[in-house]
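Work through the exercises below with the structure open. Try each task before reading its solution.

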Amino acid sequence: MRTLILQTASKYLLPLLLLFSIFILLRGHYLPGGGFVGGLIASIAFILHAFANGLPQTRNLMRIHPGFLMPVGLGLSFLSGLFPMFLNRPFMTGIWFAEKVAVIGSIGTALFFDIGVYLVVIGASLTIIFTISESN
Amino acid sequence: MRNLFLMNILLALIWAALTGSFGYINIGFGFFVSYGILWVITRGRDDVNYFSKAPQVVSFLLFFIKELVKANIQVAYDVITPKDHMKPGIVAVPLEAKTAMEITLLANFITMTPGTLSLDVSTDRKVLYIHAMYVEDKQAFIDEIKNGFERRLLKILR
Amino acid sequence: MEVLLAIVIGTLYAAGIFMILRRSLVRLIIGLILLGNGANLLIFLLGRIAKGKPPLIPEDANFMTAAYADPIPQALILTAIVISFGLQAFAIVLVKRAYRVVKTDDIDQMNATDDV
Amino acid sequence: MTDILIIVFSSLGALFILIAAVGLLKMPDFYLRVSVTTKAVTLGVGLILSAAAVSFSSFNVTTRVIAIIIFIILTAPVAAHMIGRAAYFIGIKMWDKSVMDDLEGKYHRNSHTLGSNATDEEDNLL
Amino acid sequence: MLIALLFPFLAAALLALPVREKRDLIVRLSALVPLGLLSFFIYNSQQTPTMQRNAWLRDMPVSLDLYFDGLSFLFILLITGIGTAIFVYAGAYMKGHAYSQRLMAFLMLFMGAMLGVVLSDNLIALFVFWELTSISSFFLIGFNNENEASRKSALTALAVTGSGGLVMLIGFIGLGEVAGTYSIQEIIAQRDAVVNHTAYGWITGLILFGAITKSAQFPFHFWLPGAMKAPTPVSAYLHSATMVKAGIYLIARLTPALGDTPFWNQTLLVLGGVTMLYAAFQSLFHKDMKSILAYSTVSALGILVFLLGIGTSASILAASVFILVHGLYKATLFLVTGIVDHETGSRDVSQLSGLRKVMLPVAIAGLLAAISNAGIPPSFGFIGKDLIYEATELKGHLLTALAVLTNIFLLVAGFLAGWKPFAGPLQPEHQKVHLPEMAMWLPPLLLASLGILFGLFPQLIEKTIVAPVFQSISGTAFTGHLALWHGFNFVLLLSSITIVGGLVLYFIIKPSTALNSFIVKSEKFGPKVILTGIANGFDLFARLYTKFFQNGYLRYYIIFIMLTLIGLLGFEMWHYTTLETNNRLATEVTFYEGVTIFILLVSVVIIVFSQSRLASVAALGVMGLAICIVFVFYSAPDLAMTQFTIDTLTVILFVLVLYKLPKFIPLRFTPHHIRDAVIALGFGALISILTLEVLTKNVNREISEFYAANSYVLAKGKNVVNVILVDFRGADTIVEIAVLSIAAIGVFSLLKLRLPKKERIE
Amino acid sequence: MNPNLIISPILLPLLGAIVLMGFWANPKIQRRLSLVFHGIAVLLAAFLLAAVSDGTIIVMQAGSWGAPFGITYVADALSALMVLLTAIAGLAVGIFSSASIKSARAAFGFFPLIQFLLMGLNGSFLAGDLFNLYVWFEVIIISSFVLITLGGEKAQLEGAIKYVTMNLLASVIFLTGIAILYGILGSLNLADLAIRVQETPDKGLISAAAILFLVAFGIKSALFPMYFWLPASYHTPPAAVSAIFGGLLTKVGVYAFIRIFSLLFIQDPFIQKLLIGIGVLTMVSGALGAIVSVNLRKIFSYLIISHIGFMIGGLGLFTPLALAGAVLYMAHDIIAKTNIFLITGVIYKIKGSFRLEKLSGLYNEFPYLSIVFAISMFSIVGTPPLSGFWPKVWLLQASWQAGDYWMLGGIILASFLTLWIVVKIWSVVFWRKKPDVINTRVRNELAAALPKNRNAVLIAVGMLTAVSLFIGFGVQPLADLCLTIADQLIDTEGYIQTVLQ
Amino acid sequence: MTTTDYLYQIILPILSVSMLLVFYRFLKGPSMADRIVSLDLMITIGIGIMSIYAIVNDQSSFLDIAMIFALIAFLGTIAFAYYLEKRNRND
Ligand code: NA
Ligand code: NA
């Protein structure tokens, strides 16, 4: 399965897809997209890499076990929901920074929440696919 | 490192294209994002030559489009008319292209022109196996590939 | 169109049920996927459908004025889709593991735990 | 003017797609079908996307259209290569009027490697 | 009084504590508890009737209100008085036994429960204690738990008394609800309302069922002879003097509330009559002393039910006295049996004889008890028997004849158990048998002596015990006198016939194995066999029922569920669905939509019927694409994106998993398919119809409109769907990513975890 | 009163799960940390219950979006009670599993999964939004899927396939019901829905939706004839998992029944009759299954089913007494069933088997332990005055008042069969003496395993037994609470007003 | 006839017909590889349909879906190809 063509393509598609995934993630609040789809695309990027180069290579590339992204992402979403509670507001209340930022628009807890979603989705889908792939 | 840097710039530009805004803040942000991505994935990658040779690229693209349209029409004709004119076959084309990048680009461009389909590259990277719809003469076909796509492509890439 | 979609939904439910009544584990899982899709389409349809009016606030506006498709069912379905994906992934792997341990894809041979 | 461009692009695009579809039906073997369709469709979709770019005539959309076309051009040949190779590997036969098959006897059944000439060991070859 | 009631429970708990030394002493000292209680209640008996109110649970129809009257007092005397004797006796009997403490703890628990039964004024509290007697007696009967027969009889006893108790609970609830109170005394005050209520028959029947199972009435008597597997002190306590009398107590207690109706009287009369004669007859055929006593106990209980069923003043008086009479002599006989068993290792009356030569005090106790049992003057039993005959005499000759016959048999039984082992020559193997310590022979002797003492001096108990009991049951004051001598009358004649006939029969009957096996064979058609048969039938039914439903085939489970759903949903929709259409359904179908739907439907068909797994998966991809396009057509870009990426991942998943699996099981066309297809299509059709029905309605869009209006203004996002996901309904989303994480953990551990052998579960 | 307190029982286990996942590679730390989380959970839950036990209803609008626009979390007495019971059962299972779960399972996420499961349960109890309830259900399902298969033994997998399939089917039906309700009423907030259900003219469609919910929850709470997954699967995982399943999982279905039907559907007399009928059949079917089973855990699995019938029947009667009875029964059952499954786990540790024919002699070997076991076994029977008895009194009273004799008969029959089963078990497992059928080597290994972890195991069992005894003898405060709950369930005005204010 | 009408009434039907033709190939096979290629092609045609749909509804957001389709559709094909090859080895 490790064909030269696929390997080469994957090398260029990986950063492209990852970039695209972040793009999809960040624009989600304004246009179709968001953490789910973004995360799914990012995981597809790595899966493609694994198809082309073999799982060990991909693992090597990622350095950390994808499963670790799950607590990180969950934690991020959790904290962004928790944050307003320190300001004595209900859980998940949106807190926004006044200034708009280029590209992303308003930065607020919802953004971090979505990033958390993004990370969890990557972590979970990659854990699933990689585990299955390894057990074959 | 230079390659990485180029790649980074490229990705930043693609980012700008994606987001549809070429303001310097956005490009900067795109640069930042792609920097992060490259940082994540840099391990285990070959060096790739990023010198851009603008005129050659343009001429290559024009050639490609010409081939694309020409062959598309030919195939269209074959599809639409009831009689089949094909003489298909798989041809082993010896490769001058050496690097993975070269071979891949070549193979893909060949595939993207109608009538030909790059099936596979031999494991030792010496031969590209092409399925072609019209193989009147094997040697002529090989020459056409070698003088057409391969030569032009290699000129750009090397 | 609503009638057609209602028929599609009914078909998906029917096909899903038919499939989970088969002996093959793989068919079972496909059945569950069909059911999930049916339910998603049902939510979608019952939120009432509208053509070509996605719930996106135009760039130059602060809120939506024109009629738009109901965003709530869409959000619900998105959630449901992702959840189903997790469950399906688990179910598929369960099949894999079950096959490795039980050595069959045949549900009829997996009834030892129902003995008294 | 815009409308005319849209109509021209979309018509041509639709036509190529239709041709690809007919080709897919009509071509006598798998390899020919792939051969015909991959690009016809790419061209067709590219044209239709161009129509969209023209229609919206905003920088925003145009860049997106370019991105889509680049994506398709990047991925379609790779997909065709992969499926074509797999098809050959599992022994999907070529049309009986095919004139040559240089790939015959080059794949190693177990290692999935591909030789460059016909002198490889006899065993395990497809 | 409450403290007195709780005292035994505390004592039981203390007795259960582990002790290393002086266990025998502690066990013996436990007899102080019943003794203390006896003194306490005798001391307080002057103030009867008293009601002590103790709230327990405010919201439950239960209180620990204690009602102490003549009837309670009589039973308390049995419980604590005979109890003291038995505790003393048991302390000696169990000497050195490894589990003596356990036995005493359970006995103590049982005693507390019995006290609770007879003191509770509240029906539910009574039931609580009632069940506790069943449970503690379960542990007592099964005390020799390594013996299978013991375990079996404990189970049988609990099955009978437990089921009776539960049925009785419904009766109690009914009674409480009908009367509007769960206080027995208050219910008695409303007797008329209760008796005239339509549910009276049910309530009475249910309560009596509890009483007669507990008191071992035919045909539920068989558990009691079985329960003789218990150690003898237990038999003596539970199965002669106390527990079996709980049913009698209950009938007596509720007589003022439910009694004096034809249904009540006739039911009791028939049950008691049959039981007393049947069991008395049975008792003649046994050679095991305990069996003889068991049947004679059943018979005596029958007599009590019978008397309460007659329901006249005379019969109530007779019952009042006979309870005490029977308690005294029957406990004695059991204790005597225990001593014989303890010392000789045998209870077989056909083998035992002449033991008076080695254990005279025991023989005297046995003889005195047999005399009282026989109703030979001047025993207390004579008074009892007289009263029984007086009671029946007024009700007709049939009942009298029944009573006489019963008493003849019972007399024989009494002598068989109480005297036969001591009469005649001493068997050689029993030469070395000796008298046990005093703690064992004194209690029976004392009890037996009381049987004579009360006969000679009935005035000792007339005002203190009998009169208040009579008052409690009948509700009227006792005006007569208890006396040994009533002059020459018909009753005396009956007594004489009984004594003479009984003694003659005693000398005729020779207990033997042959005789015993005759009755054992006849039991093949007895109630025990029938009830066991019913139980087995029930078991078989349970087996078939469970096998039918829990048959191991997933698809049948799903079919059951689907049939339920289709049935119910169809039923509801049949009633409500109008099948009307309106313009809301009439959006036109364009060609491209039609094509999309067509492709969708056909791909579903392929998914279902394809013989190739991979083709099914590919068709799943087509279907997903078609759904995406539907989402695009109907304004759901986010959905289309997500659905497509998820579909791609699903394909990858399938592909990674599938190729290791064996081939699809071919989908041959069978009748099963038709059945499944009918079910599936039926359900699909219902869903379609339901969908269309909903679509004809107007829907309130208030919430969507709020989102549309405020997404950007309040939540700073323009993709309303995304704003819902991360803000308005962000709580859903965080849960959802948790689901995804869990699934990933699941996949990971399912594939990676290999249990080491020792962590496997069977 | 900070409304965020309401969701602390959700956030705490979520935090727990995240933290424990962070220590993925270190089961030893997970073991200890999870105990801390369980302990805090009990405190929080007690605090929450104390805040609402007087009938107060506390509402938290997540994201500050007032109902019906955001997701509402509501703590009324019923929710808080369920949360507390969950926390107690969770603590016991946590203590038990800290000793009993071996390193293999612990290294594969057992402890975070338990936290996730508890989070799902608490989420379900506190959710005031229909779709949010669905999502919580999914958390429960998926974590239970994983827990039930953790280890991947043959039996586990076979059971799990049925468990997974039927629960996913239930989810689809649930989702279908949600779609229909949303399609008619356009809302997901329970309080809002309650009002809209009253106002809508389309009662027929509401009934149809009710049927869908009935079947969906019916599968989850293992009602007749939808319980089949339970006897096929509950006896397959390790004892700690069985225990938390046995105690809590079906109860969340019952909770959903009570919550949703009391708010939305109960006015329909057909539904009431249906619930009673199903309840009675469930009682009897479960008991019949238990009679014929020979595997301890399977017996108790069937008893779970049987006793669910009491609660559903009580809901069907829908009088204050019946509802209070149903809730009280549920409270008792959560504790008692959790305990009984832990106990079977202990028995397994000692004897190495769950099968009756292989068990014997516990009474003489472990007399005091046996007494503790007996208490919890007889609690399940409802032997007075242990915890199962009082709710039955209420249910019987309510049935009598309603003139529902099937219910009366069903309760009594099921109670008797339960009694019979328990004494049969007692007689065989505890009383009987039998030459050991188990290979001595295995036996010694197992016997050695017990004392090592004895304390944790005994503390867990002892704690639950103590709670059970408390429910039995000191039922008063709980009974008060249940009556408050019943009032709140019948008069939903307070709930609706508080949420929508 | 406006441009929109033209796209609606001519182009979309042509694309739909093409989709149907490809679907026919999907049904017909004969090989699994044919089906996979058909699926891939249908997705690409889907991109075309979405683009037209974006034009007629003046909703550029539909192009975003097309973008995602374009980028990841081929992964499905690769997965199928992977399967075909792997399965072969296991036969
Ligand atoms: Na989004
Ligand atoms: Na928020």
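Domain bounds here come from an automatic or database domain assignment. The model is predicted.

**Exercise 1. Domains of chain E**

Task: State which domains the assignment gives for chain E, and find how far apart the centres of domain 2 and domain 3 of chain E lie.

Solution. 
- Step 1. Read off the bounds. Chain E has domain 1 (275-511), domain 2 (589-665) and domain 3 (703-762).
- Step 2. Take the centres over C-alpha atoms. Those of domain 2 of chain E and domain 3 of chain E are separated by 23 Å.

**Exercise 2. Thr84(E)**

Task: Then decide: is Thr84(E) buried or exposed?

Solution. 
- Step 1. Apply the cut-off. Buried means under 20% relative accessible area. Thr84(E) has a relative accessible area of 12%, so Thr84(E) is buried.
- Step 2. The backbone oxygen of Thr80(E) is reached by the side chain of Thr84(E) at 2.6 Å.
- Step 3. List the neighbours, leaving out residues up to four places away in sequence. Thr84(E) touches Ala31(E), Pro34(E), Leu35(E) and Leu38(E).

**Exercise 3. Two domains of chain D**

Task: Describe the contact between domain 1 and domain 2 of chain D. Which three residues supply 96% of the area that domain 1 of chain D buries there?

Solution. 
- Step 1. Domain 1 of chain D covers 2-93, and domain 2 of chain D covers 96-126.
- Step 2. Find the spacing. The C-alpha centres of these two domains of chain D are 31 Å apart.
- Step 3. Count the residues in the contact. Domain 1 of chain D gives 4 and domain 2 of chain D gives 9.
- Step 4. Get the area. The two domains of chain D bury about 610 Å² between them, with 60% of it on carbon and sulfur atoms.
- Step 5. Arg85(D), Tyr88(D) and Phe89(D) supply 96% of the area that domain 1 of chain D buries against domain 2, more than any other three residues.
- Step 6. Sort by class. The side of domain 1 of chain D that touches domain 2 has 2 nonpolar, no polar and 2 charged residues.
- Step 7. Check for salt bridges. The rule finds 0 between domain 1 and domain 2 of chain D. The count of residue pairs in polar contact between these domains of chain D is 2.

**Exercise 4. Chains E and F**

Task: Which two chains share the most contacts? Characterise their interface.

Solution. 
- Step 1. Pick the pair. Of the 15 pairs of chains in contact, E and F share the most contacts.
- Step 2. Count both sides. Chain F contributes 124 residues and chain E contributes 108.
- Step 3. Get the area. About 10,200 Å² is buried between chain F and chain E, and carbon and sulfur atoms give 74% of this.
- Step 4. Find the ionic pairs. The rule finds 4 salt bridges across the interface of chain F and chain E. One of them joins Asp129(F) and Arg729(E), with the closest N and O atoms 2.6 Å apart.
- Step 5. Chain F and chain E have 20 residue pairs in polar contact.
- Step 6. Find the main element on the chain F side. Helix H7 of chain F (residues 154-185) gives the largest share, 13 residues.
- Step 7. Sort by class. The side of chain F that touches chain E divides into 80 nonpolar, 27 polar and 17 charged residues.

Note on methods:
Residues are numbered from 1 along each chain as its sequence is written. Chains are lettered from A and ligands numbered from 1 in the order in which they are written. This is a predicted model: local features need pLDDT of at least 70, side-chain atom pairs count only at pLDDT 80 or more; totals for chains, interfaces and linings use all residues. Side-chain values use heavy atoms; hydrogens and water are left out. Buried means under 20% relative accessible area, exposed over 50%, partly exposed in between (1.4 Å probe, protein chains only). A polar contact is a pair of N or O atoms within 3.5 Å; within protein, one must be able to donate a hydrogen and the other to accept it, and residues adjacent in sequence count only if both atoms are side-chain atoms. Contact means heavy atoms within 4.5 Å. Buried area is the accessible area (1.4 Å probe) that two parts lose on being put together, summed over both. A salt bridge is a side-chain nitrogen of Lys or Arg within 4 Å of a carboxyl oxygen of Asp or Glu. Ala, Val, Leu, Ile, Met, Phe, Trp, Tyr, Cys and Pro count as nonpolar, Asp, Glu, Lys and Arg as charged, and the others, Gly among them, as polar. Helices (H or I, at least four residues) and strands (E, at least two) are DSSP runs, numbered from the N terminus.
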